Amino acid sequence: MKRFILSAALALLAAPAFAQDPTEAVQFFYNDPGSELSTENRDRFVGKAKDVLDAADKEADSDNGLCIDFMMSVDGQDFDDDELKKSLNLAGGIAGDTATVKATFKQFGEDAEIIWSLEKAGDGWKISDIASPKNEWKLTGIDCSAIPAQ
């Protein structure tokens, strides 16, 4: 019986824990900016957003180069960790099974904003899109299949 309880507890620890709140789901990526591109976090995405990231991985493994060569969470290739932590503000709203979280922060003294779209998935929230109003890109609008072979 003890072995069964231990096995069940270990299985629960191994299962991915998804945030119960959309803001927590987004905060996960600001705890480690750039981790949105990691295959280890792919289960935190859903739909076309997940499909684009999977296609980006496929391109990165080919000789075609990187499809997404920046950290979407900070809308750039570099950031000041202290500045980000001090200035980050997450504000969200839920509408049924969808949610939006607006991340505002300072990026080298400049105001920055990223819009995260989420969908309810089981008991938690998953990312369905990431967008930059300033630089006018959306994750779901990136076409990794359009990269020419080198």
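This is a predicted model: local features need pLDDT of at least 70, side-chain atom pairs count only at pLDDT 80 or more; totals for chains, interfaces and linings use all residues.
Student: What kind of bond is a disulfide, anyway?

Tutor: A disulfide is a covalent bond, and it runs between the sulfur atoms of two cysteines.

Student: How many disulfides does a search of the whole structure find?

Tutor: The search finds one disulfide.

Student: Is Cys 144 buried or exposed? And what about Cys 67?

Tutor: Cys 144 is buried, because its relative accessible area is 3% and the cut-off for buried is under 20%. Cys 67 is buried as well, with a relative accessible area of 17%.

Student: Okay, zooming out. What does the secondary structure come to?

Tutor: The protein has four helices and five strands. Along the sequence, the pattern reads α-α-α-α-β-β-β-β-β.

Student: How many of the residues count as buried?

Tutor: The protein has 150 residues, and 38% of them count as buried. Its accessible surface comes to about 8,900 Å², with 52% of that belonging to carbon and sulfur atoms.

Student: New topic: rings. How many aromatic pairs are there in the whole structure?

Tutor: A search finds six aromatic pairs. One of them is Phe 29 with Trp 116: the ring centres are 5.6 Å apart and the planes are at 15°, so this pair is stacked.

Student: Where do Phe 29 and Trp 116 lie?

Tutor: Phe 29 is in helix α2 and Trp 116 is in strand β3 (residues 110-121), so the pair ties together parts that are 87 residues apart in sequence.

Student: What about Tyr 30 and Trp 116, stacked or edge-to-face?

Tutor: Tyr 30 and Trp 116 are edge-to-face, at 5.8 Å centre to centre with 70° between the planes. Tyr 30 lies in helix α2 and Trp 116 in strand β3, so here the parts tied together are 86 residues apart in sequence.

Student: Is Trp 116 buried or exposed?

Tutor: Trp 116 is buried, with a relative accessible area of 0%. Tyr 30 also counts as buried, at 4% relative accessibility.

Student: Which residues form the aromatic cluster?

Tutor: Phe 28, Phe 29, Tyr 30, Phe 45, Phe 105 and Trp 116 form one aromatic cluster. There is a charge to look at here too: the charged end of Arg 44 sits over the ring of Phe 28, 3.5 Å from the ring centre.

Student: Where is Asn 41 found?

Tutor: Asn 41 is in the loop between α2 (22-30) and α3 (47-61). Leaving out neighbours within four places in sequence, Asn 41 is in contact with Phe 28, Phe 29 and Ser 35.

Student: Buried or exposed, that Asn 41?

Tutor: Asn 41 counts as buried, because its relative accessibility is 10% and buried means under 20%.

Student: Last one: what does Asn 89 touch?

Tutor: Not counting residues up to four places away in sequence, Asn 89 touches Lys 102, Ala 103 and Thr 104. Asn 89 sits in strand β1 (residues 89-95) and is partly exposed, with a relative accessible area of 43%. Asn 89 and Ala 103 are 14 residues apart in sequence, yet 5.7 Å apart in space, C-alpha to C-alpha.

Conventions
Residues are numbered from 1 along each chain as its sequence is written. Side-chain values use heavy atoms; hydrogens and water are left out. Helices (H or I, at least four residues) and strands (E, at least two) are DSSP runs, numbered from the N terminus. Buried means under 20% relative accessible area, exposed over 50%, partly exposed in between (1.4 Å probe, protein chains only). Contact means heavy atoms within 4.5 Å. Accessible areas come from the Shrake-Rupley method with a 1.4 Å probe; for residues, only the protein chains shown count as cover. A disulfide is a pair of cysteine sulfur atoms within 2.5 Å. Rings of Phe, Tyr and Trp (its six-membered ring) pair if their centres lie within 6.5 Å; planes under 30 degrees apart count as stacked, over 60 as edge-to-face and the rest as tilted. A charge sits over a ring if NZ of Lys or CZ of Arg is within 6 Å of the ring centre and within 35 degrees of the ring normal.
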